[in-house]
Amino acid sequence: MPSMAEHTDDFDGSSDSRMGRAILRGVAIGFPVAVLFLTAVVFVITDLDLGDSFATALLPGILLGGFGGGFVGVASTMD
């Protein structure tokens with residue numbers, strides 16, 4: 001059994017770039033999906049018109065899309 005001093009990690013930059021691309025792709029898909037979904041939900045549930053529903057759903061949609069897309073991106077690169 002090798003000791004910790006004998007163990008070397010081979011750093012592969014391609015795995016970092018693969019994860020970065022996956023996170024970026026997840027966030028790029030998550031932003032519009034979350035904003036449109038929340039806009040539709042707010043429009044259906046409340047008495048607001050479509051413009052006010054969009055304005056209401058914009059910040060939570062951006063936050064939800066960024067978090068969810070980043071999570072999906074990280075989860076998709078797990079081995």
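A: Phe31, Phe54, Leu58 and Ile62 form a nonpolar surface patch with about 310 Å² of accessible area together. Patch members have over 30% relative accessible area and no salt bridge; like charges are joined within 9 Å, nonpolar side chains (Val, Leu, Ile, Met, Phe, Trp, Tyr) within 5 Å. A salt bridge is a side-chain nitrogen of Lys or Arg within 4 Å of a carboxyl oxygen of Asp or Glu. Areas use the Shrake-Rupley method with a 1.4 Å probe; for residues, only the protein chains shown count as cover.

The model is predicted: local features need pLDDT of at least 70, side-chain atom pairs pLDDT 80 or more, while totals for chains, interfaces and linings use all residues. Numbering starts from 1 along each chain as its sequence is written, and side-chain values use heavy atoms, without hydrogens and water.

Helix α2 (residues 50-76) gives the most to the patch: three residues. Helices (H or I, at least four residues) and strands (E, at least two) are DSSP runs, numbered from the N terminus. Leu58 lies in helix α2. Leu58 counts as partly exposed because its relative accessibility is 33%; buried is under 20%, exposed over 50%, partly exposed in between (1.4 Å probe, protein chains only).

Now Thr39, in helix α1 (residues 13-45). Thr39 counts as buried because its relative accessibility is 7%. Beyond neighbours within four places in sequence, Thr39 contacts Leu50, Ser53, Phe54 and Ala57. Contact means heavy atoms within 4.5 Å. Phe54 also belongs to the patch.

The protein chain has two helices and zero strands. Buried residues are 20% of its 79 residues.
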